[in-house]
Amino acid sequence: MTEQSKAPTGQPADLPILGEPARSGMEPEPGQEGKGVIHLVHLYPREMSIYGDLGNTRTLAARIRRHGYVPVVHQHHPGADFPEQAHLIVGGGGQDSGQVRVERDLDVIADRLRTMAADGVPMLMICGMYQLMGNAFITVEGKRLPGLGILNVTTRGNEKRMIGPVVLRTEFGDVVGYENHSGSTVLGEGQLPFGHVVSGLGNNGEDGTEGARSHNVFGSYLHGPILPANPAFADALIAMAAELATGRPFEPADLDDEIADQARVRQIKRLVS
Amino acid sequence: MVAGKAVRAASRLRGGGSAMPGLVAERVDPGFLAHALRDVPGGIVVVSGTNGKTTTTKMLVALLRAHGRSVFTNPTGSNFTRGVISAMLGEIPLDGRLRADMAVLELDEAHALKFADAVKPTHSLLLNVARDQLDRFAEIDHTARLLATLGEQTTQGVVLNIDDSFIARIRDRIAAGVQVRYFGVDESIADRLPELMEQDVRFDDGFAPPQAGPDDGMLKPADEREFSILFGTDAASAVGPVTLQQRGLAAMINATAATSMARMLLGRDFDPALAATALAAVRPPFGRGEVVDVDGTPLELVLVKNPAGFTVALGTYGSTPEATMIAINDNTADGRDVSWLYDVSFESLRERGVTITSGIRAYDMALRLQYDDVPVQQIEQDLDTALDTFLAAHQGEPKRIFCTYTAMMALRRTLAARYDLPNFGEEAS
């Protein structure tokens with residue numbers, strides 16, 4: 001990690017995902033597969049995971065283990081080969097300079113991502129990666145940057161930033177998080193949102209929608225990171241991935257989420273009176 | 001001017017905030033700063049960057065005063081232009097001209113630029129760029145640009161962090177004829193830089209970091225507490241060995257930055273022995289490793305405000321595990337987004353565990369610790385109740401509280417009512 005950050009060129013090494021064991025990126029030994037092996041891919045952790053978004057990956061990996069499955073955590077860096085197996089894909093927010101660096105690679109893996117999306121692979125795309133999953137991003141100057149078109153949304157650059165705590169109503173119950181984006185996103189015809197805003201601004205501050213869902217691809221502006229305090233949503237993603245990985249329905253363990261529930265409920269109480 | 005002074009007196013009576021009278025003076029006379037600082041002959045020095053401004057400013061002022069210079073500074077940690085004006089109102093005569101050899105001002109990135117619009121700094125000391133209060137500055141790239149602009153506006157000399165590539169590359173923006181020097185860490189501890197520095201994702205643009213020269217201060221620690229600051233290979237120029245009262249690598253780097261700037265400002269008058277003595281005498285600023293004597297055992301208050309700062313603090317204290325409380329608020333002054341807690345590793349607390357988490361986001365903190373497998377005994381949002389529980393659970397042993405800004409203010413208020421504490425903003429001497 002130290003040597004790599006000093007290396008001027010070449011393939012960057014993986015970032016440490018805080019709390020993850022050293023073997024987190026490796027296949028389990030034969031006989032150690034638990035209820036099944038789930039391959040989890042974090043896209044562009046170096047460029048696109050500001051605001052603690054790697055915490056989502058940590059949360060998924062930890063919960064996959066707690067449910068009795070075995071995660072293999074891959075980090076996909078620009079220019080690298082995309083992992084052969086992927087049952088769950090996560091991406092985060094970045095700065096402008098990070099976004100520019102991933103665009104070329106995103107072109108290369110675009111078809112693979114589109115196919116996986118159509119096949120029902122669950123994806124969680126936060127903030128910058130949510131925007132890149134859409135049809136296009138139109139800059140403040142009016143320049144149109146095409147996206148992957150997996151989500152039928154279009155984002156316009158804005159002078160004003162939308163910042164603050166958020167409460168959503170979603171199919172996974174109430175969801176809390178923190179938004180911080182200057183892009184204003186509008187859903188295309190027929191596009192489902194991820195949730196409806198109870199407190200905060202959401203996609204554009206006007207139509208009450210937040211994020212988007214197509215197939216099992218979820219886009220959202222919520223940091224926090226979004227998953228730790230919203231375990232029902234995290235487990236829904238894991239359930240989809242587990243079915244893909246094993247061909248059987250998800251077999252959850254009974255987890256104690258008292259602290260997460262308290263964190264969420266207290267935040268909702270505070271923001272929604 | 002007079003209006004500002006009246007407000008200052010009034011707000012003192014109320015026991016109120018330090019930025020308010022400055023706001024009035026700024027409205028009354030926008031040219032106030034330029035006028036007040038016109039007769040300061042030895043330099044107007046701005047210290048800016050994300051982490052370590054308060055400590056570095058305090059050290060730089062101590063170094064200059066040890067060399068006999070009279071220095072105006074903004075001592076309250078109120079590092080906005082209004083805070084500077086507020087501090088001045090207490091010190092200037094009615095003609096509005098400050099009488100001091102030098103001014104050393106701690107300003108955050110955005111306000112440093114506002115200040116430079118009014119008064120061009122002669123010198124600037126640029127420390128680092130990290131994520132902090134993203135609500136206000138939004139992005140690291142933007143923060144880096146603010147500091148680069150400050151560097152461009154500086155008229156005589158800049159000192160840059162050689163190890164922070166956001167900062168070091170500002171050298172290309174400095175006007176011709178303006179002196180550029182650096183501070184940094186010696187190669188022997190270069191492996192500890194990643195824990196201190198923000199990643200610069202623009203790593204493929206061919207930027208070659210500068211090489212340290214004989215006027216650039218390089219930190220060389222001897223052990224966890226003692227260090228020297230080397231200037232080239234000439235042993236007579238080195239400052240130290242020094243042991244600071246404040247612990248940790250971050251404080252040592254702050255001392256290196258302050259010493260490099262003091263040396264630039266003082267030129268031939270700079271005395272390494274005097275500098276070492278001055279650094280050793282600097283007391284930790286409020287909330288930066290401040291120790292409260294609680295019934296004969298130390299209670300340490302550690303301010304945490306961003307991933308780099310929290311990581312350094314945990315690294316500093318990790319080798320001596322103590323009873324720990326963590327208090328996280330999410331008011332504006334704390335940063336309203338607590339996502340950053342997921343960019344800090346808490347594994348060093350795993351073995352000893354955390355006695356109690358508190359503050360508005362006590363449950364979010366406990367949840368974060370759960371994901372690092374750190375045991376948490378209790379969760380209590382109310383700060384005073386949590387403090388009582390924490391103190392009672394660890395009578396007679398050293399204790400430590402990591403807290404965000406407003407949590408620290410509240411805890412300190414409670415502690416001050418019970419124990420002997422200097423008032424906020426005053427020197428703890």
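Student: Which residues of α5(A) are buried?

Tutor: A residue counts as buried if 20 or more other C-beta atoms lie within 10 Å of its own, as exposed if 12 or fewer do, and as partly exposed in between, with C-beta atoms placed from the backbone. In α5(A), the buried residues are Pro231(A), Phe233(A), Ala234(A), Asp235(A), Leu237(A), Ile238(A), Ala241(A), Ala242(A), Leu244(A) and Ala245(A). This is a predicted model, in which local features need pLDDT of at least 70 and side-chain atom pairs count only at pLDDT 80 or more, whereas totals for chains, interfaces and linings use all residues. Residues are numbered from 1 along each chain as its sequence is written, and chains are lettered from A and ligands numbered from 1 in the order in which they are written.

Student: What do the buried residues of α5(A) pack against?

Tutor: Contact requires that the C-beta atoms of two residues, placed from the backbone, lie within 7 Å. The partners, all in chain A, are β1 (37-43), α2 (54-66), β3 (88-91), β4 (123-126), β9 (173-181) and α6 (258-271). Helices (H or I, at least four residues) and strands (E, at least two) are DSSP runs, numbered from the N terminus.

Student: What span should helix α5 of chain A have?

Tutor: The expected span is 1.5 Å times one less than the number of residues. For the 16 residues of α5 (residues 231-246) of chain A this gives 22 Å, and the end C-alpha atoms are 22 Å apart, which agrees. Just after α5(A), Gly247(A) takes a positive phi of about 75°.

Student: At what angle do α4 and α10 of chain B pack?

Tutor: Axes are lines fitted to C-alpha atoms, for helices over the stretch in contact, and angles run from 0 to 180 degrees between N-to-C directions. Helix α4 (residues 53-66) of chain B packs with helix α10 (residues 249-266) of chain B at an angle of about 40°, their axes being 8 Å apart. α4(B) is therefore oblique to α10(B); angles under 35 degrees count as roughly parallel, over 145 as roughly antiparallel, 65 to 115 as roughly perpendicular and the rest as oblique. The contact includes Met59(B) and Leu63(B) of α4(B) and Ala255(B) and Ala258(B) of α10(B). By class, this contact of α4(B) with α10(B) has 11 nonpolar, 4 polar and no charged residues. Here Ala, Val, Leu, Ile, Met, Phe, Trp, Tyr, Cys and Pro count as nonpolar, Asp, Glu, Lys and Arg as charged, and the others, Gly among them, as polar.

Student: Is the crossing of α4(B) and α10(B) left-handed or right-handed?

Tutor: A crossing is left-handed if the near helix is turned anticlockwise from the far one by less than a right angle, and right-handed if clockwise. The crossing of α4(B) and α10(B) is right-handed, whereas α6(B) passes α8(B) in a left-handed crossing.

Student: Is Leu279(B) buried or exposed?

Tutor: Leu279(B), found in helix α11 (residues 272-281) of chain B, counts as buried because it has 28 C-beta neighbours inside 10 Å. Apart from neighbours within four places in sequence, its contacts are Met59(B), Val242(B), Leu244(B) and Ala255(B). Its C-alpha atom is separated by 10 Å from that of Thr56(B), 223 residues apart along the chain.

Student: Where is Ala176(B) found?

Tutor: Ala176(B) is found in the loop between α9 (165-168) and β6 (179-185) of chain B. With 4 C-beta neighbours inside 10 Å, Ala176(B) counts as exposed.
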